[in-house]
Amino acid sequence: MEVGPGTLMGDLLRRYWAPFAPAAEMDKQPTKAVRLMGEDLVLYKDGSGNYGLVDRHCPHRRADLSYGWVEDCGLRCNYHGWKFDHTGKCIDQPFEEIAHPDAHFKDRITIKSYPVQERAGLLWAYMGPLPAPEVPVWEPFTWGNGFVQIVISEIPCNWFQCQENSIDPVHFEWLHDNWGQRLRGQTNGQKPPTHLRIAFDEFEYGFTYRRIREGQSEQDGLWTVGRVCLWPNCLFTGNHFEWRVPIDDGRTLSVGWFFDRVPEEMEPFRQERIPYWYGPIKDEQTGRWIESHVMNQDFVAWVGQGGVADRTQEHLGESDRGVILMRKRMLEEAENVRAGGEAKGTIRDPKVARFVQLPIIGRDFFLAGYSMRDVANGSPFRYPKNFIFQAGQPEEITQAYRDAMGMLPDGTPNIRERVTLA
Ligand code: FES
Ligand SMILES: [Fe+2]
């Protein structure tokens with residue numbers, strides 16, 4: 001479960017690029033204190049647009065560099081003015097250079113630094129041994145005409161129990177369907193369809209989990225394609241990703257990336273910047289965890305398992321076959337990396353990394369789109385008027401979404417106007 005430097009799992013996770021902040025956040029502020037995999041760091045964007053991710057503490061006398069300021073190149077400490085570039089080189093020591101102009105003391109100083117890349121509106125960090133692999137451009141990152149948003153929350157428990165949820169199809173029926181019904185007060189005797197069969201398969205970039213529920217057949221996409229437990233710490237459902245990024249052993253950053261295709265009538269649609277927001281997880285009125293939205297329900301389950309779930313007290317059954325498989329493969333891969341092997345699913349070829357396909361139910365829908373006219377004529381597709389995944393979406397993002405989707409501000413489809421225009 002441990003993620004610090006030198007731990008078995010920490011060393012495995014450090015072989016992958018981790019999404020840890022929205023790029024748009026750095027338009028508002030040039031520095032940000034970050035804790036990632038048990039390390040205290042500072043993210044900054046300097047005047048030349050370089051992202052740096054460096055030790056939180058200055059190597060001079062340990063001041064907090066998140067209070068430093070950025071210049072055209074690099075980050076300057078606010079205590080005595082030492083300056084560092086994004087590769088970790090010390091590039092200025094004002095008083096030392098006056099006192100001993102020929103000593104070149106700064107050439108002997110470096111600060112811990114990690115590479116940062118921007119993709120799909122997110123900033124990704126690589127904290128492992130160099131050379132770094134490529135940042136995978138997952139297929140949905142290349143899709144057009146979609147409203148994308150990033151949602152981040154801090155979850156007070158270990159990352160691995162969060163990731164176990166990514167390969168747990170049966171929880172959906174209970175945590176979301178059955179419990180959700182009760183939370184909405186809909187106990188009218190209609191039971192959500194129960195799971196009849198589940199299956200798990202490994203592929204290059206993770207696992208798929210497949211299911212057949214009452215009323216579904218072997219021809220259903222949920223059985224023929226399935227959903228993806230994306231290695232090493234993500235859930236991918238076709239149009240959204242949920243990464244479980246370790247802050248440290250006891251806390252996890254939930255990083256969600258959501259894509260909603262806009263209707264044809266609203267094309268072409270482009271976002272200047274992908275919007276982001278931080279989702280609350282606690283109801284401040286009651287002191288209880290928020291229960292109303294899909295991912296909030298997941299959070300309730302994860303934190304309920306304890307800071308680090310005690311696996312010695314579990315009783316695993318048939319529904320946990322995926323969890324057991326993932327635990328086994330994680331440990332094998334961690335040993336493989338420790339023995340000098342290449343980590344599962346890392347990509348070294350830039351041509352491969354530029355477009356990485358994943359199993360996706362309904363890919364054609366995301367590629368081809370749909371029209372409001374089809375929706376008006378009773379096409380089974382319905383785009384939601386509200387964000388169902390997490391509580392607390394800011395009003396301006398709700399409105400930007402409804403605008404993009406061709407809805408009136410109250411969420412009703414603006415079909416008449418659009419269809420007349422078309
Ligand atoms: S502690 Fe940073 S310059 Fe002195
Ligand atoms: Fe869930």
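## Exercises on a predicted model

**Exercise 1.** How many bridges join strand β10 to strand β11, and which residue of β11 is the bridge partner of E118?

*Solution.* We're working with a predicted model here. Start with the two strands: β10 covers residues 116–119 and β11 covers residues 122–125, they run antiparallel, and four bridges join them. Now pick out E118: its bridge partner in β11 is L123. Last, look at the turn. β10 and β11 make a hairpin with two residues between them, and A120 in that turn has a positive phi of about 55°.

**Exercise 2.** In what order do the strands of the open four-stranded sheet come, and which are the edge strands?

*Solution.* Walk across the sheet and you get β2-β3-β4-β9, with antiparallel pairing. The edges are β2 (31–36) and β9 (113–114), since each pairs on one side only. Next, zoom in on β3 (residues 39–45) and β4 (residues 51–55): five bridges join this antiparallel pair. One to find for yourself is L41, whose bridge partner in β4 is D55.

**Exercise 3.** What span is expected for helix α5, and which of its residues are buried?

*Solution.* Take the length first. α5 (residues 170–183) has 14 residues, and at 1.5 Å a residue the expected span is 20 Å. From first C-alpha to last, α5 reaches 19 Å, close to that value. Then check burial, which means under 20% relative accessible area. The buried residues of α5 are V170, H171, E173, L175, H176, D177, N178, G180 and Q181. Their cover includes β13 (195–203), β14 (206–213) and α7 (294–304). Finally, step just past α5: G185 has a positive phi of about 70°.

Terms used: Residues numbered from 1 in each chain as written. Chains lettered and ligands numbered in written order. Predicted model: local features only at pLDDT ≥ 70, side-chain atom pairs only at ≥ 80, totals over all residues. Heavy atoms only, no water. Pairing = 2+ DSSP bridges. Expected span 1.5 Å × (residues − 1). Buried < 20%, exposed > 50% of the residue type's maximum accessible area, 1.4 Å probe, protein only. Contact = heavy atoms within 4.5 Å.
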